[in-house]
Each structure stands twice: as C-alpha cells, then as structure tokens.
Amino acid sequence: MTKRENNIISPEKTAAMRSAVADVRAYTDAARADGSRPLAHIMTFGCQQNEADSERLAGLARAMGYELSPTPERCSLVLVNTCAVREHAEKRALSVIGQLKHQKAKFPEMIIGVGGCMVSQPHRAETLKRSYPYVDFSFCTTELWRVPELISARLAGGGRVFSVSADALEATDFSEDIPVARSSRTHAWVSVMYGCNNFCSYCIVPYVRGRERSRTPEDVESEVRGLVADGCRDITLLGQNVNSYGHDLASGVTFADLITRLSAIDGDFRLRFMTSHPKDATSDLIEAMAKSRVAAHHFHLPLQSGSDRVLERMNRRYDSSRYLDIVRELRAAMPDITITSDIIVGFPGETEEDFEATLDVIRRARFDMIYSFIFSPRRGTPAFDMDDQIPDEVKSARFARLIETQNAVSLERNRAAVGSVLRVLVDDEFDDPDSPTGRTEGGKLVHISGNVKKGEFCTVIIDDADTFSLRGKAID
Ligand code: SAH
Ligand code: SF4
Ligand code: F3S
C-alpha cells in the first residue's frame with residue numbers, strides 16, 4: 001500500500017465544488033422577489049457517520065443560499081441521507097422517499113437528491129432511477145462535494161443522474177473542504193477516518209464506504225481545537241474502525257498517538273470515539289486513554305458473537321478469550337469504565353450452542369449496555385449466500401432471550417452506581433422541559449433533580465437506578 005503524506009484534499013474537486021456552490025447561490029439569491037430564501041430539508045438515517053455527513057450537506061445547503069427547514073413541506077431542495085446496514089433501514093428510507101412524491105406534486109420546484117450508503121449500491125441506485133421518477137439524482141458516500149454540481153446541472157435543465165462508480169467509492173482524494181452546519185453547540189462529531197477494510201462477512205459498509213482513509217493528525221487537531229474554543233463539551237471521533245487510524249499515513253501515527261495529542265488541548269471537554277474493532281484494540285490505546293485528562297472512560301467494543309466458530313465465519317479475526325482479555329485490561333486500567341457492545345443474533349449456521357456461548361460471554365463481560373441486532377442478509381456480502389440461514393422465528397426467540405439476559409446485567413450495573421458521585425453533561429434539550437436529563441461519561445442517561453444549566457457539566461449524586469437510566473441530585 002502506498003502511504004499518504006498529507007490530507008484527503010483534491011484541489012480540482014474543491015474548485016469544482018466552490019464554483020457549483022456559487023452557481024446555485026446565484027439562483028437562490030434571485031429566486032424570491034420578497035428577499036426570502038428558498039428552503040432546504042435534510043433527512044438522515046443510519047449511524048453517526050451519516051449524522052456527520054448530513055451536517056456537511058446542511059453546510060453546503062446554507063452556502064448555496066438555502067434556509068434550513070425542519071420539514072420537507074414547500075422545500076426547494078430535499079436531501080435524503082440513507083443507510084443500508086439492515087433491510088429495515090433501507091425499507092424506512094424507501095418509504096420516506098415514497099412520501100416525498102406528494103410533497104413534490106404540491107411544490108413542483110422541489111429538487112430531491114438521495115445519497116448515502118443505500119444508493120452507493122448499484123442495484124439500489126437503479127431502483128431509484130426506475131421506480132422513483134420524481135427523484136432528481138443520487139450520490140455516493142464519497143461524493144458530497146458533487147452535490148452542488150448535481151443541483152446546479154438540474155436547475156439548468158439537465159437530466160436525472162444516478163451514478164455509482166467503483167472509482168468514486170475508491171477515491172482517496174475527495175474534497176475535505178466542505179462547510180459544516182453543526183446541529184448542536186455542545187456535542188460534535190469529528191471524522192478521523194473514512195471507509196472500512198475489514199469485510200466482516202455480514203456487513204455492507206466496506207462496499208458502500210470504500211477503503212480506509214485517515215485524516216492527518218494536524219487536521220483533526222485543528223478541528224478539535226476550534227470546537228473546544230467554541231465551547232463544545234463532548235467530541236466524538238468517528239471512524240468505522242478507529243483503531244486502525246493512521247495505518248495508511250506515511251508518518252506512522254497511531255490512534256493512541258492521536259488521543260495523546262488531542263488530550264493536550266486545554267479546555268473543559270470530553271473526548272470519545274467509536275467504533276473500535278477488538279482485533280486492533282491495543283494496550284497503547286488503553287494506556288493513552290487511562291492517562292488522558294479528557295478521554296471519557298467509555299469503550300464501545302462490538303463483540304458480535306460469543307461463539308468462536310461464528311466469529312470465524314463472520315471474519316472477525318479474534319476469539320472470545322481474546323475479547324474477554326481486552327475487557328479485563330480495560331477494567332484494570334480504568335475501574336470506572338463503561339463498556340458497551342454490539343451483538344448480532346441469527347447469523348447463518350448459528351446453533352443453539354453458539355447462541356449459548358454468546359449469552360455466556362455477555363454474563364462474563366458484564367456490559368453496561370448492548371445494541372442487539374437480528375442478522376439481516378445484505379446482497380453482495382458473503383453471508384448473504386451462506387446456505388444455513390436461520391428461520392425468522394428462531395432469530396426472534398433468540399433476540400428476546402439476548403435482551404432479557406442483558407437487561408438483568410444492565411440493571412445490576414446501574415444499581416451498583418447508586419451512591420456514587422458522577423460528572424454529568426446536561427443535555428441541550430429535555431423531553432419534558434421541567435425534568436433535566438444528562439449523560440454520564442459512559443453515555444448513560446441520568447434524570448437530574450436540582451438546578452442545572454443546559455449544555456454544561458454538573459456533579460450528581462446518584463440515588464436510584466433502573467435498567468436504562470440513573471436518577472440523582474445535582475450537588476453543584
Ligand atoms: N464499524 C462498526 C459498526 C458497523 S455497523 C463496527 O465494526 O463495529 C453497526 C453494527 O451493525 C455492527 O456492529 C453490527 O453489530 C450490526 N450489523 C452490521 N451488519 C449487519 C447485518 N447484516 N445484520 C445485522 N446487524 C448488522
Ligand atoms: Fe462492518 Fe466489520 Fe467494517 Fe464494522 S469493521 S464496518 S462491522 S466490515
Ligand atoms: Fe448505515 Fe452506512 Fe452507517 S450502512 S450504519 S449509514 S456506515
């Protein structure tokens with residue numbers, strides 16, 4: 001592999017993007033006689049990486065002169081950022097796109113663009129082209145920079161465009177210089193790398209997000225410094241597998257080095273990251289976290305399955321005993337750490353014994369919380385073609401047992417927090433305006449009594465706990 005010296009910037013793509021932004025801006029400036037701005041709405045499905053991409057789409061929409069709207073009604077531009085990780089995610093996106101037909105019928109100047117992981121699969125771009133004639137264009141995950149160009153061409157009367165090219169997905173030189181409209185002042189996503197090289201046998205992500213590309217530490221640091229200077233309190237570094245950060249850079253920098261470097265930034269903030277792959281979780285990283293003043297004591301470490309046979313067929317490249325060693329090392333270095341995980345039930349060929357092995361690791365690892373998923377076959381991945389698919393009713397029954405087992409562990413872990421004093425970051429918005437909520441370092445929900453300031457840290461003494469949340473009094 002040739003290693004890169006510098007960042008993922010293509011001067012040509014950046015110039016093309018800027019010029020198209022100016023073209024659309026000229027249109028939006030002239031569009032309304034009363035001086036109001038045409039509206040744009042952005043819908044997001046999927047993971048934090050998509051949330052971060054949507055903040056870039058929102059930044060572009062603003063730069064093009066649109067005003068952001070919370071709903072698609074009477075919008076001149078609607079962008080849908082889709083997910084493909086499970087069938088359900090695709091169905092939801094397609095149903096929302098289906099509903100836009102009526103919105104566009106009522107407001108024909110609406111331009112609809114669909115991007116993200118679902119339409120980065122050629123068969124799905126084709127579905128949109130054929131069955132959703134009111135959708136104007138699609139764009140791949142690596143082509144955000146092209147969105148202004150696609151809008152500008154459509155405004156100029158050009159045809160519909162549905163392109164997924166292997167070249168676009170493999171591009172290592174997409175534009176980095178995209179404006180960002182952040183949705184929160186308190187929390188921010190910072191991508192440290194894009195793509196995934198792991199090819200877990202069930203997962204679509206490597207096919208729709210291309211190969212791993214790391215941003216330089218200088219660039220990440222300057223973004224984080226800017227956020228901290230703006231008062232941001234909770235910064236999450238994003239990548240599909242942050243532990244392989246830097247492998248593609250010539251400088252030899254590692255993710256542990258990055259954490260150490262960012263920890264030297266002055267300011268009152270928390271630093272988190274996701275997601276870590278157990279095969280690359282190093283002792284250096286654990287040490288860098290434990291030493292850091294700002295790294296949250298939270299580790300999200302997807303297990304996927306507790307059966308070594310299934311892990312092998314998933315192409316995960318670790319076994320349950322290696323996994324449990326990492327959990328032990330994390331707890332030894334940071335006794336107060338919150339550990340969370342992802343589990344898939346019903347992977348092809350999963351026997352009752354395999355599933356029992358997963359329950360066993362769950363009881364031993366004692367996660368604070370898990371995200372559990374029923375295996376969903378993804379076209380184009382090896383697991384899609386495996387013979388021994390598990391019947392739906394078996395998958396559902398195992399899913400229920402998994403949740404029951406984990407809920408008992410979560411309740412025990414939360415109850416153990418009663419009596420402790422925790423630093424809690426108060427949310428920006430509360431569901432009930434009179435009941436403040438916040439998040440612990442480990443991301444647990446806390447219902448707070450007492451006077452607290454939105455978006456600021458406070459100290460809470462925990463006095464009650466249930467399976468999914470804690471309760472406590474603010475003491476400063
Ligand atoms: N890069 C991250 C997360 C990727 S997607 C990682 O490696 O952990 C988030 C989670 O979705 C995965 O951890 C996995 O548990 C789940 N997932 C991915 N593909 C799936 C599929 N085909 N069916 C069910 N769950 C899946
Ligand atoms: Fe998917 Fe595996 Fe990559 Fe995570 S590490 S995105 S599960 S292929
Ligand atoms: Fe979905 Fe793509 Fe994220 S498939 S989970 S939006 S990387």
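Analyst: The charged end of Lys454 sits over the ring of Phe430, at 5.1 Å from its centre, where "over a ring" means that NZ of Lys or CZ of Arg is within 6 Å of the ring centre and within 35 degrees of the ring normal. A further contact of this kind involves Arg423, which lies over the face of Phe457, 3.8 Å from the centre of that ring.

Before going on, please keep in mind that this is a predicted model, in which local features need pLDDT of at least 70 and side-chain atom pairs count only at pLDDT 80 or more, while totals for chains, interfaces and linings use all residues. Residues are numbered from 1 along each chain as its sequence is written, chains are lettered from A and ligands numbered from 1 in the order in which they are written, and side-chain values use heavy atoms, with hydrogens and water left out.

Rings of Phe, Tyr and Trp (its six-membered ring) pair if their centres lie within 6.5 Å, and planes under 30 degrees apart count as stacked, over 60 as edge-to-face and the rest as tilted.

One of these pairs is formed by Tyr245 and Phe255, and it is edge-to-face because the ring centres are 6.3 Å apart and the planes stand at 65°. Tyr245 belongs to the loop between strand S10 (234-238) and helix H9 (255-263), whereas Phe255 belongs to helix H9, so the pair ties together parts that are ten residues apart in sequence. Helices (H or I, at least four residues) and strands (E, at least two) are DSSP runs, numbered from the N terminus. Tyr245 is buried at 0% relative accessible area, and Phe255 is buried as well, at 2%; buried means under 20% relative accessible area, exposed over 50%, and partly exposed in between (1.4 Å probe, protein chains only).

Phe255 also pairs with Phe273, again edge-to-face, with 5.1 Å from centre to centre and 80° between the planes. This pair links distant parts of the chain, since Phe255 is in helix H9 and Phe273 is in strand S11 (residues 270-274), 18 residues apart. Phe273, too, is buried, with a relative accessible area of 7%.

Taken together, ring pairs join Tyr245, Phe255 and Phe273 with Phe299 into a cluster.
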